[in-house]
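Hi everyone, thanks for making time for this.

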Amino acid sequence: MVTSTSKHWPCLFPQHGSGKKHERAIALQPWQQELVDAHPWELLRGLIHSDGCRVTNWTSRLVNGVPKRYEYPRYFFTNKSADIRQIYTDTLDTVGVEWKQPNAFNISVARKASVALMDTHIGPKH
């Protein structure tokens, strides 16, 4: 664990502030957006490793009257902040990952090609 105290952290992270992050505006400064544009996978990796996961989802279907179980990998990202979810989904769009929002706070990536792309760039969560 690394810790640091400085009055200058707000200069580097202007989103930092008092109160709950989902109750205040979170917006990237132009210099931050330039970094995200240059390194989108690094942002996505950090977001998944902090507020996301990769799971094996499953469903069942009847095949010739017999239930058959299907399993497939999927990424989830959960955050109460609509602004942070928007930054995440905008970045997914930039790199060509298809996503859906199944409920108020979750973003899901389940299409095979998109999961494969995420697997290539995100890596395991430790």
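**A first tour of the chain**

Let me begin with contacts along the sequence. If we take the contacts between residues at least 6 apart in sequence, 48% of them join residues at least 24 apart. Please keep in mind that this is a predicted model.

Now the overall make-up. The chain has 126 residues, and 26% of them count as buried. Its accessible surface comes to about 8800 Å², with 56% of that belonging to carbon and sulfur atoms. As for secondary structure, there are five helices and three strands.

In what order do the three strands of the open sheet lie? The order is S1-S2-S3, and the pairing is antiparallel. S1 and S3 stand at the edges with a single partner strand each, so one side of each has no neighbour in the sheet. From one strand to the next, the twist averages 40°. If you want a place to look, find phenylalanine 76, which stands opposite serine 108 in S3.

Two helices meet these strands. H4 packs on the sheet and touches S2 and S3, and its direction makes about 15° with that of S3. H5 lies across S1, S2 and S3, running at about 50° to S2.

Next, a stop at the loop between strand S1, residues 52–63, and strand S2, residues 66–78, where you will find asparagine 64. Its phi is near 55°, a positive value in a residue other than glycine. Is asparagine 64 buried or exposed? Asparagine 64 counts as exposed, because its relative accessibility is 78%, and the cut-off for exposed is over 50%.

Leaving aside neighbours within four places in sequence, asparagine 57 is in contact with Tyr70, Glu71, Tyr72 and Arg74.

Now for the charged pairs. Side chains of opposite charge can pair when their charged atoms come close. How many salt bridges does the count come to? The count is three.

One joins arginine 54 and aspartate 119, with the closest N and O atoms 2.7 Å apart. This pair links distant parts of the chain, since arginine 54 is in strand S1 and aspartate 119 is in helix H5, 65 residues apart. Arginine 54 is partly exposed, at 43% relative accessible area, and aspartate 119 is partly exposed too, at 32%.

Another joins glutamate 71 and arginine 69, whose closest N and O atoms are 3.2 Å apart. Glutamate 71 is exposed, at 53%, whereas arginine 69 counts as partly exposed, at 49%.

There is also the salt bridge between arginine 111 and glutamate 98, at 3.4 Å from N to O. This pair again links distant parts of the chain, 13 residues apart: arginine 111 sits in the loop between S3 and H5, and glutamate 98 in the loop between H4 and S3. Glutamate 98 is partly exposed, with a relative accessible area of 45%.

That's my tour, and I'm happy to go back to any part of it.

Note on methods. Residues numbered from 1 in each chain as written. Predicted model: local features only at pLDDT ≥ 70, side-chain atom pairs only at ≥ 80, totals over all residues. Heavy atoms only, no water. Helix = DSSP H or I, 4+ residues; strand = E, 2+ residues; numbered from the N terminus. Buried < 20%, exposed > 50% of the residue type's maximum accessible area, 1.4 Å probe, protein only. Contact = heavy atoms within 4.5 Å. Areas by Shrake-Rupley, 256 points an atom, 1.4 Å probe, with all protein chains shown as cover. Salt bridge = Lys/Arg side-chain N within 4 Å of Asp/Glu carboxyl O. Pairing = 2+ DSSP bridges. Axes fitted to C-alpha atoms, helices over the stretch in contact; angles between N-to-C directions.
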